[in-house]
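Work through the two exercises below with the sequence and the structure at hand, and try each task before reading its solution.

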Amino acid sequence: MDLKLNNKTVFITGSTGGIGFATAKLFLQEGATVFINGRYQHSVDKAVEKLVTQFPKGNICGIPADFSKKESVSALIKQLPTIDILINNVGIYKGTSFYEMPDEEWTEQFEVNVMSGVRLSRQLLPKMMDKNWGRIIFISSECATLVPEDLIAYSMTKTAMLAVSRGLAQMTKGTNVTVNTVIPGSTLSEGAEKFLSDVAEKESKSTAQVEAEFFTNVRTSSLLQRFASVEEVANTIVYLSSPLAAATNGAAIKVDGGSMGGIL
Ligand SMILES: NC(=O)c1ccc[n+]([C@@H]2O[C@H](COP(=O)([O-])OP(=O)(O)OC[C@H]3O[C@@H](n4cnc5c(N)ncnc54)[C@H](OP(=O)(O)O)[C@@H]3O)[C@@H](O)[C@H]2O)c1
């Protein structure tokens with residue numbers, strides 16, 4: 001299927017690894033121009049280098065910016081070229097008891113996970129509306145409705161993203177701009193791989209055993225009963241970004257392996 005993305009320019013926040021990096025690869029495969037991002041020049045350079053090796057003819061750039069720092073975001077916004085597709089992917093979490101998490105950590109997660117998308121959308125959405133074409137995708141999480149008790153702050157940010165995304169979609173009425181949210185479930189990013197191998201080592205088990213136990217004991221509602229691959233999440237992000245997905249607007253699309261339950 002030709003996703004008709006070859007003349008589009010994409011910016012993906014937090015994309016030196018994980019779901020963002022896999023999404024960058026898929027966009028390059030489709031011929032789009034891709035701007036990736038991470039906090040540090042060295043990590044961005046390394047990720048760009050990897051992509052250039054895989055896609056020697058690809059149009060790839062990197063812009064470092066730390067979304068926990070307002071001034072870094074302002075500097076980024078000044079550097080951004082015209083963007084057709086914005087993927088608000090960056091997300092951080094801390095698994096801490098509600099009683100122990102200080103205000104600063106609530107604020108940091110809100111800044112990075114929610115305000116990153118708010119600030120970028122405020123800048124880029126009017127330009128998309130002027131051009132009468134654009135895509136904004138927010139990457140939420142199954143935690144938006146599952147709300148694990150050690151991840152209340154993170155879950156709050158992921159629920160907030162759903163409201164921001166839906167509100168922005170309503171502003172696009174009658175245009176060819178769409179705003180949607182993708183909701184991943186447990187996904188095998190490098191962080192998740194490290195979590196599995198750390199537990200496996202600590203408990204003298206195989207990673208396959210730790211993964212199986214995670215779904216038996218923790219994420220019991222998963223129908224998939226395994227971590228999704230980063231590519232499986234990226235496939236949905238890239239499809240929703242394409243002109244082919246024009247009739248999907250204001251939606252929250254789950255790639256959660258069924259963990260959130262419900263019919264819709
Ligand atoms: N993995 C999962 O199981 C899962 C499940 C549901 C939802 N999600 C959501 O999916 C999105 C991507 O998750 P992921 O697991 O793929 O991410 P990840 O691997 O944890 O992080 C991706 C990138 O974010 C960058 N980053 C971290 N803090 C940043 C900051 N302050 N400013 C700019 N960049 C920053 C890091 O790059 P540098 O180190 O180069 O800065 C890293 O390469 C997140 O929003 C997450 O909440 C993930």
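This is a predicted model: local features need pLDDT of at least 70, side-chain atom pairs count only at pLDDT 80 or more; totals for chains, interfaces and linings use all residues.

**Exercise 1.** Determine how helix α2 is placed, by asking which of its residues are buried and which are exposed.

*Solution.* Begin with the extent of the helix: α2 runs over residues 41–54, and its 14 residues reach 20 Å from the first C-alpha to the last, close to the 20 Å expected at 1.5 Å a residue. Next, list the residues with under 20% relative accessible area, which in α2 are Ser43, Val44, Ala47, Val48 and Leu51. Finally, look for what covers the buried residues of α2, which includes α1 (18–29), β2 (33–36) and β3 (60–62).

**Exercise 2.** Describe the largest nonpolar core, and find which residues have the most contacts inside it.

*Solution.* Start from the core itself, which has 34 residues, and in which Phe27, Ile87 and Val182 have the most contacts. The elements that each supply at least two residues of this core are β1 (9–12), α1, β2, α2, β4 (85–88), β5 (134–139) and α9 (230–241), and α1 gives the most, with seven residues. Now take Val182 as an example: leaving aside residues up to four places away in sequence, its contacts include Ile137, Phe138, Ile139, Val233, Ile237 and Leu240.

Technical notes
Residues are numbered from 1 along each chain as its sequence is written. Side-chain values use heavy atoms; hydrogens and water are left out. Helices (H or I, at least four residues) and strands (E, at least two) are DSSP runs, numbered from the N terminus. The expected span of a helix is 1.5 Å times one less than its number of residues. Buried means under 20% relative accessible area, exposed over 50%, partly exposed in between (1.4 Å probe, protein chains only). Contact means heavy atoms within 4.5 Å. A nonpolar core is a set of buried Ala, Val, Leu, Ile, Met, Phe, Trp, Tyr and Cys residues joined through side-chain atoms within 4.5 Å.
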